[in-house]
Amino acid sequence: QLHLVESGGGLVQAGGSLTLSCTASERTFADYAVGWFRQAPGKEREILGAIRWSADSTFYEDTVRGRFTMSRDNAKNTVYLQMNSLIPEDTAVYYCAAARAWARGVRYEYWGQGTQVTVSS
């Protein structure tokens with residue numbers, strides 16, 4: 001069982017940056033791949049990308065590639081999502097989730113509660 005907590009959301013102007021954190025209290029967090037997702041009002045949840053447990057592999061969806069960067073510090077049980085060049089269309093609730101397997105389309109087993117990101121124009 002993992003308990004994930006996202007933090008770092010807030011209000012930012014277009015062109016600005018935010019860094020989200022996803023933290024778990026369980027040491028086994030280091031054994032999991034972590035994906036970042038978001039859900040905007042009236043839209044389906046979409047995956048943004050994921051980072052492998054060893055951080056030696058990541059993937060990003062086209063909507064955020066080149067603007068968002070994932071990293072992790074397993075000693076701190078934390079995964080980060082650095083978001084740059086934010087645009088109003090990035091406004092959404094952002095979630096992290098954990099999966100034991102590493103593959104596109106994998107089922108994520110554990111989810112955080114989400115953190116709101118609002119980008120003003």
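This report covers a salt-bridge network and an open sheet in a predicted model.

Residues are numbered from 1 along each chain as its sequence is written, and side-chain values use heavy atoms, with hydrogens and water left out. Because the model is predicted, local features need pLDDT of at least 70 and side-chain atom pairs count only at pLDDT 80 or more, whereas totals for chains, interfaces and linings use all residues.

**Salt bridges**

The structure holds 6 salt bridges (a salt bridge is a side-chain nitrogen of Lys or Arg within 4 Å of a carboxyl oxygen of Asp or Glu). Arg38, Glu46, Arg67 and Asp90 are linked in a network of such contacts. The table gives the N to O distances for pairs among these residues.

| Pair | N to O distance |
|---|---|
| Glu46 and Arg38 | 2.6 Å |
| Arg38 and Asp90 | 2.8 Å |
| Arg67 and Asp90 | 2.7 Å |

Arg38 forms salt bridges with Glu46 and with Asp90. Asp90 in turn also forms a salt bridge with Arg67.

Burial is classed by relative accessible area (buried means under 20%, exposed over 50%, partly exposed in between, with a 1.4 Å probe and protein chains only). Asp90 is buried, with a relative accessible area of 0%. Arg38 is buried at 6%, and Arg67 counts as buried at 16%. Glu46 is partly exposed, with a value of 30%.

Elements are DSSP runs numbered from the N terminus (helices are H or I with at least four residues, strands are E with at least two). The salt bridge between Arg38 and Asp90 has an N to O distance of 2.8 Å. Arg38 lies in strand E4 (residues 33-39) and Asp90 in the loop between strand E8 (78-83) and strand E9 (92-99), so this pair ties together parts that are 52 residues apart in sequence. Arg67 and Asp90 also link distant parts of the chain: Arg67 sits in the loop between strand E6 (58-60) and strand E7 (68-73), and Asp90 is 23 residues apart from it.

**The open sheet**

Strand E8 also belongs to an open sheet of 4 strands, in the order E1-E3-E8-E7, with antiparallel pairing (two strands pair if DSSP finds at least two bridges between them). Strand E1 (4-7) and E7 stand at the edges with a single partner strand each, so one side of each is left without a neighbour in the sheet. The antiparallel strands E7 and E8 are joined by 6 bridges. Ser71 has Tyr80 in E8 as its bridge partner.
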